[in-house]
Amino acid sequence: RTTFIACHFLNCEYDLGILGSLLDRYPNLHADISARYAETAPIPRYMKAFYEKYQDRLLYGTDMGFAPDMYRITFRILETADEHFYETEQFGYHWALHGFGLPDDVLRKLYRDNAVKLFK
């Protein structure tokens, strides 16, 4: 009856198959997506499929402060299908980022509904 929340995609953003197999195996495991936006934005099709498959088990999170620019870039990655853009202020990486273009029903769960369910 314990719920576990793996922070930062369980630090498995380099191979989300690891986290996926754990989510498949343990129904009481959830994951937050914080601080892994720039690491996952280079693979938008894979990430969109991952979010859609595990949409009931993922939670929006961030530990990057409260600046409007931080929210702007995380929302851009999650919500848009923008391609090949850079964000060096928040992340400082040199690679291009891409939006996942997640559907509204997945975003609603990610931003709100999954947390409400967990934290009644």
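## A tour from the surface to the core

Select Tyr 14, which counts as exposed because its relative accessibility is 63%; exposed means over 50% relative accessible area, buried under 20%, and partly exposed in between, with a 1.4 Å probe and protein chains only. The model is a predicted one, in which local features need pLDDT of at least 70 and side-chain atom pairs count only at pLDDT 80 or more, while totals for chains, interfaces and linings use all residues. Residues are numbered from 1 along each chain as its sequence is written, and side-chain values use heavy atoms, with hydrogens and water left out.

Tyr 14 sits in the loop that runs between strand 1 (4-6) and helix 1 (16-25). Helices (H or I, at least four residues) and strands (E, at least two) are DSSP runs, numbered from the N terminus.

**Charged pairs**

Next, select Asp 24 and Lys 53, which form a salt bridge whose closest N and O atoms are 3.8 Å apart. The term requires a side-chain nitrogen of Lys or Arg within 4 Å of a carboxyl oxygen of Asp or Glu. Asp 24 belongs to helix 1 and Lys 53 to helix 3 (residues 44-53), so this pair ties together parts that are 29 residues apart in sequence. Both residues are exposed.

Move to Arg 76 and Asp 82, another salt bridge, with 2.7 Å between the closest N and O atoms. Arg 76 counts as partly exposed because its relative accessibility is 31%. In total, the structure holds 6 salt bridges.

Finally, select Phe 9, Ile 33, Tyr 51, Leu 58, Ile 77 and Leu 78, which touch the most other members of the largest nonpolar core, a set of 29 residues. A nonpolar core is a set of buried Ala, Val, Leu, Ile, Met, Phe, Trp, Tyr and Cys residues joined through side-chain atoms within 4.5 Å. Helix 4 gives this core its largest share, 4 residues.
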